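Subject: Structure for you to look at

Hello,

Please find the structure below, followed by notes on what was found in it.

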Amino acid sequence: MAEKTAYSQAFQTGKYEKASGLLGKYDNVRRFWEDQVTGNSLRPMLQQMVNHKRERLERIRILDLGCGSGDGYDLLMGVTTKDPGIFDWITAAITPDMLQEYVGLDINPDLIKQAEEYLAYNPKARFMIGDLSDGLPPEVWSEKPFDIYFSSFGTFSHFHDHQSVKIIADICRHAPAEAIFMGDWLGRYSYEWQDLWHHPVDQEYFMDYRISYIYPEEQRSQVEVASFPLRLITQDEVMRIIEQAAKESGVEIRPLKFFDRSIFIGRHMDTGDYNANCPQLRGPVNSLFEGYIRTDLESLLVDYVPRAGFDYLNNFFEMFFMSCNTLVKYTISLLTNYDSATRKINDIPPIMPFYPEPLKEAMATMHSIIEGIGWVPWGDVRANVIEPMLGYSLRKLEMELQPGTGVGHGLVGIFEIRK
């Protein structure tokens, strides 16, 4: 199976190790941007579930479909409560005492082995090998119902639509009276694969996906990178899958939220494998979040190249990237004009009233941060405070300016199952 070969190949490179930083699967963007976008989107549902379960003297059971190296455990247990006080140090939405069990399921034995080693200390986490291509496997049917049926990073793009319908209908049959299901696909209209936009939206389309991003740029042409098909999808297509699964299972599935993940920093922005015009943004954004490293902020600017015949998409990406560029240029200007002797910024560019609200808020925040802390003479406040805040502000723009329709690397839907 091509997927197993590709993921085993990635595992053997060592880039799938749970390392952090500027490179690899678990780089800074993955930890401080992508996982946080998912967690922030899930937060209201998790908080509501925790409160409900606590009132009933029950705890939460989680099934992670296509768990890989057990990434869902870190992501879900890392979701924080909304607006914790600055004095609070316990901020997890699901505290360890509220977790009854986390079960991970994946077809790849190498990744399951890594997950078992990584979470060997945790008696509430266990893993099993299973194939989802024909619905939930027997290993799951023998389990008690779960409260959360979770998937991440394109798990459902491995399947044809009829297979996704079967999996989701099986989840509905297996679930208790109330549960949350999160489905994760690849967005059909990411800028990363603009060359593929022309495929008819009324047909299932699978791209030939390469995990080439795990290799440094200078090595990509020298290694034989395995590839496999992955489904690209829109929100409308996902809803057709959901409606069919509800019909077959006879269970109500209510959409709670859709969101696009990684519009600005998708993995293939850096490879250019499917759009030669993509700027290499992941490296600079990784640098923003890395301590004691200063970033060339101009490397974050995007010169968006529209594609003829896609006016709606071009208009969105023009607005989105121009907003990001405006924030980056504003930050550069503030840093350039900051006077550490007077602790003032001498020439502050205007924040125009017609800018989108998230952009105005991000610009005002960067102003406050730079003016408030730029004078501190130790700890390299530019590298360690100002640049990470620029990263979080760009992430804010991605979260609040997006349509949730399939314009990012990932398209995620969160659903409530009610029987």
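S393 touches L327, A362 and M366, leaving aside residues up to four places away in sequence; contact here means heavy atoms within 4.5 Å. The place of S393 is in helix 11. S393 is buried, with a relative accessible area of 5%; buried means under 20% relative accessible area, exposed over 50%, and partly exposed in between, computed with a 1.4 Å probe on protein chains only.

Some words on the source. This is a predicted model, in which local features need pLDDT of at least 70, side-chain atom pairs count only at pLDDT 80 or more, and totals for chains, interfaces and linings use all residues. Residues are numbered from 1 along each chain as its sequence is written, and side-chain values use heavy atoms, with hydrogens and water left out. Helices (H or I, at least four residues) and strands (E, at least two) are DSSP runs, numbered from the N terminus.

Helices 9 and 10

Two packed helices are described by the angle between their axes and the distance between the axes. The axes of helix 9 (residues 311–336) and helix 10 (residues 357–373) come within 10 Å and cross at roughly 20 degrees. Helix 9 is therefore roughly parallel to helix 10. Angles under 35 degrees count as roughly parallel, over 145 as roughly antiparallel, 65 to 115 as roughly perpendicular and the rest as oblique. Axes are lines fitted to C-alpha atoms, for helices over the stretch in contact, and angles run from 0 to 180 degrees between N-to-C directions.

On the helix 9 side, the contact is made by S323, T326, L327, Y330, T331, L334 and L335, and on the helix 10 side by L359, A362, M363, M366, H367 and I370. By class, this contact of helix 9 with helix 10 has 9 nonpolar, 4 polar and no charged residues. Ala, Val, Leu, Ile, Met, Phe, Trp, Tyr, Cys and Pro count as nonpolar, Asp, Glu, Lys and Arg as charged, and the others, Gly among them, as polar.

Helix 2 (residues 28–55) and helix 11 (residues 381–401) have axes that come within 11 Å and cross at roughly 45 degrees. The two helices are therefore oblique to each other. Helix 2 contributes F32, W33, Q36, V37 and N40 to the contact, and helix 11 contributes G391, Y392, L394, R395, E398 and M399. The contact of helix 2 with helix 11 has 6 nonpolar, 3 polar and 2 charged residues.

Helix 8 (residues 282–289) is mostly covered, with 7 of its 8 residues buried. Helix 2 and helix 11 are among the elements that cover the buried residues of helix 8.

Strand 11

In strand 11 (residues 410–418), 8 of the 9 residues are buried. Strand 5 (residues 178–187) runs antiparallel to strand 11, joined by 9 bridges; two strands pair if DSSP finds at least two bridges between them. I180 has E416 of strand 11 as its bridge partner. Strand 8 (residues 252–261) also pairs with strand 11 in the antiparallel sense, over 9 bridges. The bridge partner of R261 in strand 11 is G410.

F156

F156 lies in the loop between strand 4 (148–151) and helix 6 (161–174). F156 is buried, with a relative accessible area of 1%. Residues touched by F156 include I167, I168, F181 and W185, not counting residues up to four places away in sequence. F156 and L394 are 238 residues apart in sequence and 27 Å apart in space, C-alpha to C-alpha.

Regards
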